[in-house]
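Thank you all for coming; I would like to walk you slowly through one protein today. Please keep the picture in view while I talk.

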Amino acid sequence: MEDEALRGRGRETPPGAPETFPAELADALVGVQRLIRRRLRGGLAGPRPRGAEVELLRLVESRPGIGVSEAARELHLASNSVSTLVNQLVRDAYLVRETNPADRRAARLRLTGAAEKRLEDWHRRRAELVGRNLDRLDEADQAALRAALPALRRLAGRLREETGEPVTTPAGAGPVREAPWTEGTPS
């Protein structure tokens, strides 16, 4: 079933045709990300953070000291939703909420040691998983993927620029954040 997303769902139009390329690319990216997540979940110790929690942790990892309102803007979520996530992650000992000395009403967010360790482990395991599977591809496929990285980062940047449109996230689903692509650290 997951492979169908990577193959283009059996369309009659030839793969890569101009009219189907955007959907095929989106399906492939989502399919790869889903497969990576599923393969890595098996080795996690303890409760699994939800998608939105992971995205918030990754944002705080890349921007220590970020405030709740700014995190909400970056994640395209309502401030009260991010506040709820922050409360859960503080309770679970993954985030520390510090008072902002410039504005005592605002909080700055930082990862705990437990969160840093968990994210480091996730990054290491993800790199190993993808590396093992890249090694199984021929050199031409590896070169094509390497050559596509700058274009994928630019595409992520363009998607990120579309902040004028409201972004809604289904309940329980995590937002998709493009910043790791634009920062040179694929998800």
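Let me begin with a definition: two strands pair if DSSP finds at least two bridges between them, and strands themselves are DSSP runs of E with at least two residues, while helices are runs of H or I with at least four, all numbered from the N terminus. What you see is a predicted model, in which local features need pLDDT of at least 70 and side-chain atom pairs count only at pLDDT 80 or more, whereas totals for chains, interfaces and linings use all residues. Residues are numbered from 1 along each chain as its sequence is written, and side-chain values use heavy atoms, with hydrogens and water left out.

With that in hand, the protein has eight helices and two strands, and reading along the sequence gives the pattern α-α-α-α-α-β-β-α-α-α.

How do strand 1 and strand 2 run? Strand 1, residues 95–100, and strand 2, residues 103–111, are antiparallel and are joined by six bridges. A hairpin of two residues leads from strand 1 to strand 2, and V96 has R110 of strand 2 standing opposite.

Now turn to E70, which lies in helix 4, residues 68–75. E70 counts as partly exposed because its relative accessible area is 30%, and that term covers the range between buried, under 20%, and exposed, over 50%, with a 1.4 Å probe and protein chains only. Although E70 and R108 are 38 residues apart along the chain, their C-alpha atoms are separated by 10.0 Å.

Finally, for the protein as a whole, 30% of the 187 residues are buried.
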